[in-house]
Amino acid sequence: RAAVLTALSGILSRDPSDAAVTKLSTALDLSVGPERDAILVALGRVQSITAAATLTRAAASQDPDDRRTVAALLAGQPPAVALPLATTLLGDTDAGVRAAAAWSLGTIGDATSVSKLAPLVRGASVDVAIDSAGAIGRIAARLQKPGIASASLCSIVDDVHVPADVRANALSGLTLAKSRCDNGAKERKALEDSSELVRLAAASLLHVAPAPDDVRVLERCAAMDRSALVGKRCRAAEAVPTTTQSVLVYVVPDGQITPAPHGQFLLMLADTLVCAGTTDRRGAVFEPRAPSGDVMLRRRAQ
C-alpha cells in the first residue's frame with residue numbers, strides 16, 4: 001500500500017482525476033500513521049477544489065503531524081489558496097509546523113510575508129530561523145527586490161550569536177536575491193568561518209558583483225580552504241537552477257537501516273539553500289518545488 005500510494009502521487013500530479021481525489025479524501029478519514037502522510041502528499045500534488053478543501057481540513061487537525069505535512073505541501077498549491085493557510089500555520093504551536101510553513105512561504109509568499117518571516121530569523125527555534133532566512137531570499141529573488149533580502153539578512157551573517165546554519169541560509173538567500181551587504185566585509189569575514197556550510201554560502205555570495213577585495217579572498221580560498229567543496233565554489237560560481245521538480249527523501253540516520261519518523265533533517269538543495277525540519281511519520285520529507293539538481297543531506301552545525 002505504501003508503494004502504491006507513492007506511485008499514485010506521481011500519477012495524480014500528471015493526470016489528476018476528481019474521482020481519485022474524492023476516493024483518497026475519503027480514505028484519509030480512515031487512515032492512521034504513515035499512510036496518512038502518503039495520502040496527504042498524493043492529494044497535495046493535485047490542484048483541485050476537492051484536494052484544497054481536504055488539505056485545509058487537515059491543516060486544522062489536532063495532530064501536529066497532519067499540520068506539518070500540509071504546511072510542507074503548500075509550496076505546490078496555488079498561492080490564492082496556499083498563502084493564507086501558510087501564513088496561519090506560521091503561528092502554529094508546533095515548531096516543526098512553523099518551520100515547514102516558513103519554507104513554503106519562500107515559494108508562494110509575497111512582500112508582506114517578509115515582515116512576518118524577518119523576526120523569526122532570530123527566533124528561539126533554529127529550524128524556523130533557518131527556513132525563514134531561506135524563504136526571505138527566495139521571495140526577494142522572485143520579486144527581484146534585493147533590498148528586501150539585505151534589509152532582513154545582512155545583520156545576521158557575521159553575528160556569532162546566530163547559529164551557523166541560519167547564517168549560511170542568510171548568505172545563500174542573499175546570493176539568490178543578488179544582494180550584497182555594504183562594502184562586502186561581512187561576506188569576506190564569513191569566508192573564514194569554522195562552518196563549511198557558511199564558507200560555501202559565502203563563496204557563492206562573493207561571486208555576485210565581486211569587488212577587487214572579493215577576488216583576492218576567493219583566490220586565497222580556492223588555494224587554501226580545507227574543504228574541497230568550498231575550494232571548488234571559490235574558484236567558480238555555480239549557475240542557479242531555473243527549473244524545479246518534486247523530491248521525496250527518506251532520511252536514514254547514521255547506524256540505522258530504516259528511515260526515522262520525527263527525526264531532524266537538514267537538506268541542501270541545488271540552489272545552495274538548506275531546508276531544516278522534522279521528518280513525517282514515514283521518516284520522509286517531501287519538497288514540491290525543489291530546484292533541479294543535486295540534493296544532499298547535511299550534518300547540522302554543532
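How many nonpolar, polar and charged residues does the lining of the second largest cavity have? In this predicted model, that lining has six nonpolar residues, three polar residues and no charged ones. The cavity itself has a volume of about 30 Å³. Its lining consists of Ala168, Asn169, Ser172, Leu197, Leu200, Ala201, Met268, Thr272 and Val274. Two helices, α11 (164-177) and α13 (196-206), each supply at least two residues of this lining.

The structure holds two cavities of 30 Å³ or more. The largest cavity contains about 270 Å³ of space. It is lined by 24 residues, of which Arg68, Ala72, Thr278, Val285 and Phe286 are the closest to its centre. Helices and strands both contribute to the lining of the largest cavity: α5 (64-73), α7 (95-108), β3 (274-278) and β4 (284-291) each provide at least two residues. By class, 12 nonpolar, six polar and six charged residues make up the lining of the largest cavity.

Helix packing was examined for α1 and α3. Two packed helices are described by the angle between their axes and the distance between the axes. The axes of helix α1 (residues 2-14) and helix α3 (residues 34-44) come within 8 Å and cross at roughly 10 degrees. Angles under 35 degrees count as roughly parallel, and α1 and α3 are therefore roughly parallel to each other. On the α1 side, the contact involves Leu5, Ser9 and Leu12, which meet Glu35, Ala38, Ile39, Val41 and Ala42 of α3. Six nonpolar residues, one polar residue and one charged residue form this contact of α1 with α3.

Key:
Residues are numbered from 1 along each chain as its sequence is written. This is a predicted model: local features need pLDDT of at least 70, side-chain atom pairs count only at pLDDT 80 or more; totals for chains, interfaces and linings use all residues. Side-chain values use heavy atoms; hydrogens and water are left out. On a 1 Å grid over the protein atoms alone, a cavity is a set of points where a 1.4 Å probe fits but cannot get out, and a pocket is an open set with protein on both sides within 12 Å along at least five of seven lines; lining residues have an atom within 4 Å of a point. Grid points are joined across faces, edges and corners, and a volume is the space filled by probe spheres set on the points. Helices (H or I, at least four residues) and strands (E, at least two) are DSSP runs, numbered from the N terminus. Ala, Val, Leu, Ile, Met, Phe, Trp, Tyr, Cys and Pro count as nonpolar, Asp, Glu, Lys and Arg as charged, and the others, Gly among them, as polar. Axes are lines fitted to C-alpha atoms, for helices over the stretch in contact, and angles run from 0 to 180 degrees between N-to-C directions. Angles under 35 degrees count as roughly parallel, over 145 as roughly antiparallel, 65 to 115 as roughly perpendicular and the rest as oblique. Contact means heavy atoms within 4.5 Å.
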